[in-house]
Amino acid sequence: MIITSSNRLYGGLWGFILIMGLAGCEGDPTDTSTDVVYESTGEVDMRFDKFLVEENIAVPKDGVPFLGMVFGISSTQDYLLVRDLTQAPFVTVYDKASLDSLGKIIPNGKGPGESLNPGKLLPVAGTNTFWLFDGMMQRFQLFDVASALAMSQSGDSYEPLRDFTLMDSLRGANDPDIVSDSLFVTPSLTFDDCRFFYFDPAPHLLRKVGKLPPPQNNWPKQGEKAHFSIAASYYIAKLATHPQKDWVAVAYVNTDVLEIYKEGTLVRRIQGPEDIEV
């Protein structure tokens, strides 16, 4: 897939909408409306009163790490983590206080501390640890930033604090987010009987939330050996959670719909101009 600037803008806008949607719901917890429909004129008017401009910023020519295509930035207690899929190791670590580059972690591979397709970095609140999700292997690994850096600089392999792969019944996780230390929530490419699901690998907790509309008449039939659901793929979504509360925002890529859930219950739905069953 070719990623253009418009694709990046579209993805950035969805991310902005997800966070703002959560913030808006937090301020009005008594609002239980489930359908809010807005009409679009096709034009967006954005004005700014002023810009903060800094000139003559000194940029050192030596020692600055090259970043290819940035796919995400995450923050732990003391570090900034920049995910770059164009070159391995895939994650560049920066010190939050000095903004100095400290090194790179997570090389390409299938072994411990490695990744074939590094997805979201999911920091554990109040710590310098984060979970890495590999969509290709459906694997989660828990990293300690300082230890991973030390191993990378010494040339030794890093052994994650925890490591688990989703069982076959849960495979198809897509764009997961973290609720607490080991409780995750994610849309799915395999489940056609829910909008998203919670899971905890320790007690193998699974909780499905919401329902998808039935398949349309003109949709292709799913073969017996299909590894994904046609319905779930059509209603593919991006998901974000509130960092302290059980709020989940779900933005559906193909259907122009944003939903807000509180503790697994739908509290608000915002539907765009597309007349698509949701």
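**Ground rules.** I number residues from 1 along each chain as its sequence is written, and I use heavy atoms for side-chain values, leaving out hydrogens and water. As the model is predicted, local features need pLDDT of at least 70 and side-chain atom pairs count only at pLDDT 80 or more, while totals for chains, interfaces and linings use all residues.

**Entry 1, the whole chain.** I looked up the secondary structure and found three helices and 17 strands. These are DSSP runs numbered from the N terminus, helices being H or I with at least four residues and strands E with at least two. Of the 278 residues, 38% are buried; buried means under 20% relative accessible area, exposed over 50%, and partly exposed in between (1.4 Å probe, protein chains only). I then turned to contacts, meaning heavy atoms within 4.5 Å. Among contacts with a separation of 6 or more, 41% join residues 24 or more positions apart.

I went to the loop between β5 (101-105) and β6 (118-123), where I106 sits. Its phi is positive, about 70°, although I106 is not a glycine. Most residues other than glycine have a negative phi, and most peptide bonds are trans. I106 counts as buried because its relative accessibility is 3%. Leaving aside residues up to four places away in sequence, I106 touches P89, F90, V91, G113, E114, S115, F130, L132 and F143.

A cis peptide bond joins A88 to P89, with omega about -5°. P89 lies in the loop between β3 (79-84) and β4 (91-95).

Q138 belongs to the loop between β7 (129-134) and β8 (139-144). Its relative accessible area is 5%, so Q138 is buried.

How many aromatic pairs does the structure hold? I have 14 on my list. Rings of Phe, Tyr and Trp (its six-membered ring) pair if their centres lie within 6.5 Å; planes under 30 degrees apart count as stacked, over 60 as edge-to-face, and the rest as tilted. F133 and F140 make a tilted pair, 4.8 Å centre to centre with 40° between the planes, and both residues are buried. F197 and F199 are tilted too, because their planes stand at 45°, with ring centres 5.8 Å apart. F197 is buried at 0% relative accessibility, and F199 is buried at 1%. One aromatic cluster takes in W131, F133, F140, F164, F184, F191, F197 and F199.

I also noted K208 over the face of F191, 4.2 Å from the ring centre. For such a call, NZ of Lys or CZ of Arg must be within 6 Å of the ring centre and within 35 degrees of the ring normal.

I found one cavity of 30 Å³ or more. On a 1 Å grid over the protein atoms alone, a cavity is a set of points where a 1.4 Å probe fits but cannot get out, and lining residues have an atom within 4 Å of a point. Grid points are joined across faces, edges and corners, and a volume is the space filled by probe spheres set on the points. The largest cavity holds about 50 Å³ of space. Its lining is P187, S188, F191, C194, R195, L212, A232, Y235 and Y252. I sorted these into seven nonpolar, one polar and one charged. Here Ala, Val, Leu, Ile, Met, Phe, Trp, Tyr, Cys and Pro count as nonpolar, Asp, Glu, Lys and Arg as charged, and the others, Gly among them, as polar.

Terms used: On a 1 Å grid over the protein atoms alone, a cavity is a set of points where a 1.4 Å probe fits but cannot get out, and a pocket is an open set with protein on both sides within 12 Å along at least five of seven lines; lining residues have an atom within 4 Å of a point.
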